[in-house]
Amino acid sequence: MPAAKGDCHQCRLPEYACICQLIPKAESAACFWLITHDKEFDKPTNTGKLIQAAIPGTRIFNWSRTSPDKVLLELLDDPDWLPVLLFPKEYAAQSNTRQWHDNSGGERKVAFIIIDATWQQARKMYRQSPWLHGLNLLSLQPEEPSIYRLRRNRQEQHLCTAEVAARALGELGENTNRQLMEALVQVYCDRYLWARKGQRRDEDSRSLRILEQYRSGAQ
């Protein structure tokens with residue numbers, strides 16, 4: 001869905017609330033491949049766009065039950081890549097028994113795969129995508145509740161897409177990148193609630209400071 005008139009085309013917030021100047025360009029040893037449900041493309045609350053803006057090499061693929069993206073399937077078979085699916089092990093197929101850990105890929109570059117959808121949709125998409133069932137698996141165990149609060153009926157332990165990416169970066173030992181991504185989610189939520197819901201509030205000063213300090217150091 002195109003941005004509304006007057007909205008930024010990247011963050012899709014009104015120009016007065018735009019966060020694009022705060023988005024870091026983080027250098028990572030990994031990249032992200034997002035498998036996105038059709039309905040997520042139409043949702044301004046989708047945080048996959050934050051990953052794409054912040055992490056170079058991020059790619060977004062449209063999920064299809066009957067016609068998986070050919071480019072994605074080729075990448076999954078490419079020996080230069082180590083695809084790692086981010087998905088709870090309790091819901092994974094028996095073939096997903098290879099629990100990934102850092103440095104388990106040797107010289108191959110890690111590509112973290114996130115199913116970008118609601119939790120109910122993600123479980124269904126996984127079940128209907130057998131080409132995901134044999135991949136290395138990283139099952140994240142959230143240590144604290146999600147900071148994302150832009151959708152109703154979410155459980156506290158369910159992370160949004162960008163938070164999942166942040167935790168995965170932490171698993172690589174890239175704690176600065178994890179901190180940057182989490183700060184970006186926090187500021188995005190603050191600005192979204194202000195711009196879309198009229199819920200003007202003080203922005204999280206710590207998150208703003210993290211992003212501003214990174215921007216100052218990168219210039």
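Reply: Two strands are taken to pair if DSSP finds at least two bridges between them. In this predicted model, five strands form an open sheet in the order S2-S1-S4-S3-S5, with parallel pairing.

Me: Which strands are the edge strands of this sheet?

Reply: An edge strand pairs on one side only, and here that applies to strand S2 (59-62) and strand S5 (136-138). From one strand to the next, the twist averages 30°.

Me: Over how many bridges do S3 and S5 pair?

Reply: S3 and S5 are joined over three bridges, in the parallel sense. Valine 84 stands opposite asparagine 136, the latter in S5.

Me: Which strands does H3 lie across, and at what angle does it run to S4?

Reply: Contact is judged by heavy atoms within 4.5 Å, and angles are taken between N-to-C directions. H3 lies across strand S1 (30-36), S3 and S4, and its direction is at about 120° to S4. Helix H4 (residues 161-171) lies across S1, S3, S4 and S5, and runs at about 155° to S4.

Me: How is the length of a helix checked, taking H5 as the case?

Reply: The expected span is 1.5 Å times one less than the number of residues. Helix H5 (residues 175-197) has 23 residues and should therefore span 33 Å; its end C-alpha atoms are 32 Å apart, which agrees. Of the 23 residues in H5, 17 are buried, so the helix is mostly covered. Glycine 198 follows H5 and has a positive phi, near 70°.

Me: Turning to the aromatic side chains, how many aromatic pairs does the structure hold?

Reply: The structure holds seven aromatic pairs. Planes under 30 degrees apart count as stacked, and those over 60 as edge-to-face. The ring centres of phenylalanine 87 and tyrosine 126 are 4.4 Å apart with their planes at 20°, so this pair is stacked. Phenylalanine 87 lies in the loop between strand S3 (81-86) and strand S4 (109-116), whereas tyrosine 126 lies in helix H3 (residues 119-127); the pair therefore ties together parts that are 39 residues apart in sequence.

Me: Are phenylalanine 87 and tyrosine 126 buried or exposed?

Reply: Buried means under 20% relative accessible area. Phenylalanine 87 has 4% and is buried; tyrosine 126, at 2%, also counts as buried.

Me: What kind of pair do tyrosine 91 and tryptophan 119 form?

Reply: Their ring centres are 5.3 Å apart and their planes stand at 65°, so the pair is edge-to-face. Tyrosine 91 lies in the loop between S3 and S4, and tryptophan 119 in helix H3, so this pair ties together parts that are 28 residues apart in sequence. Tyrosine 91 is partly exposed, at 36% relative accessibility, and tryptophan 119 is partly exposed at 23%. Ring pairs link Phe87, Tyr91, Trp119 and Tyr126 into a cluster.

Me: Where is isoleucine 55 found, and which residues does it touch?

Reply: Isoleucine 55 is found in the loop between helix H1 (48-54) and S2. Its relative accessibility is 2%, so isoleucine 55 counts as buried. Not counting residues up to four places away in sequence, isoleucine 55 touches Ala26, Ala30, Phe32, Leu169 and Met181.

Conventions:
Residues numbered from 1 in each chain as written. Predicted model: local features only at pLDDT ≥ 70, side-chain atom pairs only at ≥ 80, totals over all residues. Heavy atoms only, no water. Helix = DSSP H or I, 4+ residues; strand = E, 2+ residues; numbered from the N terminus. Buried < 20%, exposed > 50% of the residue type's maximum accessible area, 1.4 Å probe, protein only. Phe/Tyr/Trp six-rings, centres within 6.5 Å; stacked < 30°, edge-to-face > 60°. Axes fitted to C-alpha atoms, helices over the stretch in contact; angles between N-to-C directions.
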